[in-house]
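Please keep the model open beside the text as you read.

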Amino acid sequence: MCPFCYIGKRRFENALEHFGHKNDIEIEWKSFQLNPNMKTDPSVNINQYLADIKGWDLDQAKSMNAHVTGMAAEVGLKYDFDKAIVANSFNAHRLSHLAKKHGLGEAAEEALFKAYFTEGKNIDDPDTLIKLGISIGLNADELKQTLNSNAFAGDVKHDITEAQQLGIQGVPFFVFNNKYGISGAQAVSVFTQTLEKSFAEWRQENQKTRLEIIEGESCSPDGDCG
């Protein structure tokens, strides 16, 4: 639900697309809630909600969102805050973990971002989440079972605790090779530099050891002995 997360995602993807070793990069999404106590209320306009929690007047909130909308447009995203629905994201995070279980974590994140920022969908509504899940290839029955239970609630809470232990207090936040962190929707060049540095170190640390071999009589797997 943080507008800078979707923007940061696009900027990171831009850097990754031009990275020479992109096929060697594994991406894992983690859960984080800025406001765990947020009450889902489709009747509240997101501009008014922002004004209320920040102590701003409505015009100031609209101006801020218009600025962010412009930033999103620069990376090819269409934001529509007039349609955005105030919703608690916990169930959406549970859906994300179900998707990750099936190798569809990236697809789930993209679908959820688009649903919230562009399409004005309620990402706390079970029917909406089921439709989003089906659209990315998840099984309808498993989706219903997940959302009608507490499945993956522990995983969501574990991610949040892990973030707190790392000192992460806001999002977006990107962790590279458990060594480097990028806070915020930084420029593409920042992601590129960090990708190059962290990958080079990872490759150095994971080089395969090559033995110096003194040859002698032995047998090979094909049965050749000598």
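In this predicted model, Phe-152 sits in the loop that runs between helix 7 (140–147) and helix 8. Phe-152 is not a glycine, yet its phi is positive, at about 70 degrees.

Asn-177 also has a positive phi without being a glycine, here about 55 degrees. You will find Asn-177 in the loop between strand 3 and strand 4 (180–183). With a relative accessibility of 30%, Asn-177 counts as partly exposed.

The peptide bond joining Val-171 and Pro-172 is cis, with omega at about 5 degrees. Pro-172 belongs to the loop between helix 8 (153–165) and strand 3 (173–176).

Here are these backbone angles side by side:

| Site | Angle |
|---|---|
| Phe-152 | phi, about 70 degrees |
| Asn-177 | phi, about 55 degrees |
| Val-171 and Pro-172 | omega, about 5 degrees |

Now to the rings. How many aromatic pairs does the structure hold? There are 15 aromatic pairs. In one of them, the ring centres of Tyr-6 and Tyr-79 lie 6.2 Å apart and the planes meet at 20 degrees, so this pair is stacked. Tyr-6 is part of helix 1 (residues 3–17), while Tyr-79 lies in the loop between helix 3 (58–74) and strand 2 (85–86), so the pair ties together parts 73 residues apart in sequence.

Are these two tyrosines, Tyr-6 and Tyr-79, buried or exposed? Both Tyr-6 and Tyr-79 are buried. They also belong to one aromatic cluster, formed by Tyr-6, Trp-29, Tyr-79, Phe-81, Phe-113, Tyr-116 and Phe-117.

Conventions
Residues numbered from 1 in each chain as written. Predicted model: local features only at pLDDT ≥ 70, side-chain atom pairs only at ≥ 80, totals over all residues. Heavy atoms only, no water. Phe/Tyr/Trp six-rings, centres within 6.5 Å; stacked < 30°, edge-to-face > 60°. Helix = DSSP H or I, 4+ residues; strand = E, 2+ residues; numbered from the N terminus. Buried < 20%, exposed > 50% of the residue type's maximum accessible area, 1.4 Å probe, protein only.
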